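Welcome! Please take a moment with the sequence and the 3D view before reading on.

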Amino acid sequence: MFPSRSIAPSLFSAACLLLLAGCDNADSNHQNAQQSQASSAASGFDRATTEQLLHQHIKILASDAFEGRAPASAGEEKTVAYLIEQFKALGLKPGFGDSYTQSVPLIELTAKPENGQFQAVFTKDDEKTGLDYGSQIVAWTKQERERVEVSDSDIVFVGYGITAPEYGWDDYEAVDVTGKTVLILVNDPGFETENPDLFTGKAMTYYGRWTYKYEEAARHGAAAAILVHQSEPAGYPWAVVQSSWTGPQFSLVSPDGGSGFAAVEAWISEQTAQTLFAQAGMTLENAKAAALSPEFKAQSLPLAFSATLNNSLRHTQSNNVMAVLEGSAAPDEAMLYMAHWDHIGMDPALTDDPIYNGALDNATGTAGLLALTKAFSALDESPRRSVAFLATTAEEQGLLGSAYYAQNPAIPAHKTVAAINMDGANIHGPMKDITIIGEGQNDLQDLLTSAAKQQNRTLSSEPTPEHGYFYRSDHFNLAKIGIPVLYTDSGTDSRAHGRDWTLEQNSAYIDRAYHKPADEYDPDWDLSGAAEDLELFYTIGLDLASSNDWPGWKDGSEFRAARMETGPQPKDSMK
């Protein structure tokens, strides 16, 4: 999760520690906890069993034997086999006809930076400045070619690289970047100013996502698209760029062989960008300041960019995995739970520890998915609607598995009641709150509020909305086809330690372990809170699967139109 999806750093919270909520209402809390536990047991959900299952599944999925769960690897084979084994053991039906798997066709491109097979040069007049791969630039291509070249391409600074008519914003207005190199800032203008009238203020919009910026550059005919990395607006340090965009990079197979993409996509470090702007007689800070105005005009720099990138290509396939508990009365309608099973895999160059185990990201979410299958399978009767459990592939490569599923859904979008996505679970114990990612988007937030109240918890806003987490995990692709989605973080207000402690733990994980080999399973993790969050998801899903309700998107959501086109109309919704 994270560059391609969101990091909800701790996703779940706990039952047994609810008494820590405070002395003044300890008796009330204890009563609420007892009532919630009794309700859970009656409906087939048991927190203690769930916590044990989470430890069991995470330990296995994040073990060295699974080799970091990279798509199209031996690690994938083990992961898919394990998921199918668990689904079959519970008697769940295959989700894709008579198969538990959906083949996702991928192209794997691996840049070869060694032995002079990668060159990147900025030129001013006759002065050439070469860039070191990894420390100064990370580059790749999505064009299905063994060699791509960009030669003496004029550089144009396009600010945030956004074309957004609804915000009265067009960084590409009156400039032709065909065949040129565009230099782009990460995030969107509202982040720097925190002006609520500029885009959505500090909260990132989809226009701030790196995926959008490369796509928009290609739509305007750019030969190369280079993003300027800065840790705060990106939401992660340069080390994440180095680990996430090097090695094999996957894309969905496209009919045109990827020719619609820019030949070169890249990140450059902040220090490199500062040097580049200095060569152009500017400063990075001044350039950013100018780009904050809707009156900004793209600016040609007195520089050129050249790059040569050699690649190895491999056409392959990976797999989404899905199982279904068939509904008793309306089996064609379904409540969907999802989590991505993949991680980064292995890097043989790392001699001390070459395996990116991906324990928190996202063995925890996948384990949560399996725990929910156990809970639903324990029901005496199936709910009236079906309940589907989808484990997606290649999320770390740009939400590819979910994108393919959205294009080829086993359950049509208009028959999918809602989806709940789990990407990173709470390993820090119980929280007083649960954080909604994508606040105010749809009716599922209201259902979450009600379910959380039964656990004596409240909803809280994202502590870092500028990171755009709603657009960074697999649920986003389902939202784009109109399916109401729920995505949460477990909260930040620890019952035992308080809010500052939780934020420190989350920050430490990003710095120490996120997308690094250090993301390993720890048997000392407190997953009792994970079980509590899963109970919320279970309660919401069971209620929807047992009802005729159709949650909808709120007025003003960018996804409401897609649901209105194909889904239940307002008269059928919960409103």
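Predicted model: local features only at pLDDT ≥ 70, side-chain atom pairs only at ≥ 80, totals over all residues.

## Two domains

Let's start with the overall layout. The protein chain is divided into domain 1 (49-105 + 325-335 + 346-521 + 542-566) and domain 2 (109-313).

Next, look inside. In soluble globular proteins, nonpolar side chains tend to be buried together. Here the largest nonpolar core has 86 residues, and the members that touch the most others are F87, V182, W267, V321, Y337, F376 and F389. Helix α10 (residues 359-377) supplies the largest share of this core, with 10 residues. Both domains take part, as domain 1 and domain 2 each give the core at least three residues.

There is another core, which lies apart from the largest one. It has 69 residues, and I137, W169, I226 and V264 are among them.

## Helices that pack on α15

Helix α12 (residues 444-454) packs against α15 at an angle of about 120°, with the two axes 9 Å apart. Because of that angle, α12 counts as oblique to α15. The crossing of these two helices is right-handed. On the α12 side, the contact is made by L444, L447, L448, A451 and A452, while α15 brings L536, T539, I540 and L544.

Helix α2 (residues 47-61) meets α15 too. Their axes come within 8 Å and cross at roughly 115°, and this crossing is right-handed. Here R47, T50, E51 and L54 of α2 meet S528, A530, A531, E532, L534 and E535 of α15.

## Two buried loop residues

Which residues does F66 touch, leaving aside its neighbours within four places in sequence? To find F66, go to the loop between α2 and α3 (74-89). With a relative accessible area of 8%, F66 is buried, because the cut-off for buried is under 20%. Its contacts beyond those neighbours are I60, L61, G75, K78, T79 and Y82. As for E173, F66 is 107 residues from it in sequence and 49 Å from it in space, C-alpha to C-alpha.

G491 sits in another loop, the one between β21 (485-489) and α14 (499-512). G491 has 0% relative accessibility and therefore counts as buried. G491 and E462 are 29 residues apart in sequence, and their C-alpha atoms are 8.6 Å apart in space.

## Backbone details

Finally, follow the backbone itself. Most residues other than glycine have a negative phi, and most peptide bonds are trans. With that in mind, look at D361 and N362, which are joined by a cis peptide bond with omega of about 0°.

N456 has a phi near 60° and lies in the loop between α12 and β20 (458-460). At 26% relative accessibility, N456 counts as partly exposed.

Note on methods:
Residues numbered from 1 in each chain as written. Heavy atoms only, no water. Core = buried A, V, L, I, M, F, W, Y, C linked by side-chain atoms within 4.5 Å. Buried < 20%, exposed > 50% of the residue type's maximum accessible area, 1.4 Å probe, protein only. Helix = DSSP H or I, 4+ residues; strand = E, 2+ residues; numbered from the N terminus. Domains from an automatic or database assignment. Axes fitted to C-alpha atoms, helices over the stretch in contact; angles between N-to-C directions. Parallel < 35°, antiparallel > 145°, perpendicular 65-115°, else oblique. Left-handed = near helix turned anticlockwise from the far one by under 90°. Contact = heavy atoms within 4.5 Å.
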